[in-house]
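Hello,

Here is the structure I promised to pass on. My notes follow below it.

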Amino acid sequence: MLEQLLIFTRGGLILWTCKELGNALKGSPIDTLIRSCLLEERSGAASYNYDAPGAAYTLKWTFHNDLGLVFVAVYQRILHLLYVDDLLAMMKHSFLEIYDPKRTVYNDFDETFRQIRMEAEARVEGLKKSKQVNKPIGNVKKQGQAQKAGFEGGSKKSEGGLANCDGDGDYVKGHKLGNGVSNGIHVEVAESRVAGVVNDKENTSSNIGAFDVTKLQKKLKSKGGKKIDTVVDKGSKPDPKKKITKKNRVWDDSPRESKLDFTDPVNGNGNEDIQVVAADHGESMMDKEEIVSSDSETEEDEEVEKGSKPDAKKKGWFSTMFQSIAGKANLEKADLEPALKALKDRLMTKNVAEEIAEKLCESVAMSLEGKKLASFTRISSTVQGAMEEALVRILTPRRSIDILRDVHAAKEQNKPYVVVFVGVNGVGKSTNLAKVAYWLLQHKVSVMMAACDTFRSGAVEQLRTHARRLQIPIFEKGYEKDPAIVAKEAIQEATRNGSEVVLVDTAGRMQDNEPLMRALSKLIYLNNPDLVLFVGEALVGNDAVDQLSKFNQKLADLSTSPNARLIDGILLTKFDTIDDKVGAALSMVYISGAPVMFVGCGQSYTDLKKLNVKSIVKTLLK
């Protein structure tokens, strides 16, 4: 049973809703569809599942891109209604006949919809009763009999294993023919396999006759194999009495260094006497505006023209010129496929995950299908323009990422602003935590570090070194402690001493390590941080999808709270090593919906900057 049907514009104006379906929807499936699917370029999917307390809905939709209309149907997921797609298509066709851009109310469409619904339901009932639906059900018995006969034939034993092969071959033939599928390839493969087993001895003898190894050895010996042996025998043999000793390698003539221990001296209290470096290393790149050249380098997609189907008739010069001047009536899916394929390949060369590149192209195709091609424009440039808009929409944050404003808001509530850094091993969490701390110090914000990586050897010492170089306090409890308790005590200490921000360093963990993911979920649940930052490398491609999706999934599954905390933002590291392979940023944002808040681009404290969306999009489409 349908729960809701409505028609609205892309601007959000509802034109018509079905009054007969007065069921109150649980939750907000329409808003979630717009926010999580349509706005995030996931409209290429066939349907969208929405789970609410006490209900599970499936939403299907279709567009009229030229007029900017969206047709949405909502129904219970358990029902599996077969006529929804046909119903939406018929609704779309009938509504366009009465659509007027100046009208905002369409009460007269109720009667038309009632007829459309009856026609769609009658069509499905007719298909159920027809032979086309009943035929596969009737063939289940034949398939089962064929499988049974095949297993019985395969279980019989005979000399040389021929009965087993015959039984297996009969099973393959009977399975294919029993389903009513005339696939000659499978039958020929089965017959050739049986024939190959039957003629095993003949094939073996013929193969040996074709290439005899013994004959080849005899020829080699007769042609001078002995001479080679004598030459080898006459060679100089090492004298077993002389012991060969390895000489020490001398790199230069300088005298040996007497001091081999270069570690820093330790005082009586057990603390290393590290020289404190001045906190001012220059202005952070976060506060510098990156300038992007405005001239767009539009390339002519000649490969798109070459990639068209070879059997299609080539258009003449006059027809092509006339179409570019007059414009095409409506863009069809076949017209968009060559340009989208070239665009997908280009995105994948920029390190975008294949799955995400495919979904983006499907979404762009859905947004362009049915639109009128403007005059003096090519399909490739139209597709590229639509993809550019989609990429900008995905990468642009949908909420405020101004951490300084959030820090001041937390300060007014007399509590510290807590940031937790999470991620896999070796991505640079501790180093980039120090960069964020330096940036906050530049804006006169008091910072405290919390060494909650109690697992990796040297993690506490590494963070302690950064704290001393930046002259900021650090809270540490050593190793083999519960990270959640250490973080909680660090936040309490920051509240007492008036620190405005607490930066929590955590141990690196793989997304499949359930014990460590459970400990991270406990840390987040117990301390309720203001920001959970996922630190990921810009070098990864398809693995970015796996890391972020599984991190979010584990945090949701292992959380003891009904409202689980997920990844809030992304910090991309090693961005200076990837050249133009910037696709990891797009993959991470698309799969998680979290914005890229910081980009690490070097080894010094100042090498931290914001993500320039225009620059990333230009690089992806270049």
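Is the crossing of α13 and α21 left-handed or right-handed? The crossing is right-handed, where right-handed means that the near helix is turned clockwise from the far one by less than a right angle, and left-handed means anticlockwise.

First, some background. This is a predicted model, in which local features need pLDDT of at least 70 and side-chain atom pairs count only at pLDDT 80 or more, while totals for chains, interfaces and linings use all residues. Residues are numbered from 1 along each chain as its sequence is written, and side-chain values use heavy atoms, with hydrogens and water left out.

Back to the two helices (DSSP runs of H or I, at least four residues, numbered from the N terminus; strands are runs of E, at least two). The axes of α13 and α21 (residues 613-621) come within 10 Å and cross at roughly 140°; axes are lines fitted to C-alpha atoms, for helices over the stretch in contact, with angles from 0 to 180 degrees between N-to-C directions.

Eight strands form an open sheet with mixed pairing, in the order β8-β7-β9-β6-β10-β11-β12-β13; two strands pair if DSSP finds at least two bridges between them. At the edges are β8 (474-475) and β13 (608-609). Strand β7 (residues 447-451) pairs with β8 in the parallel sense over two bridges, and Ala-450 stands opposite Phe-475 in β8.

Best wishes
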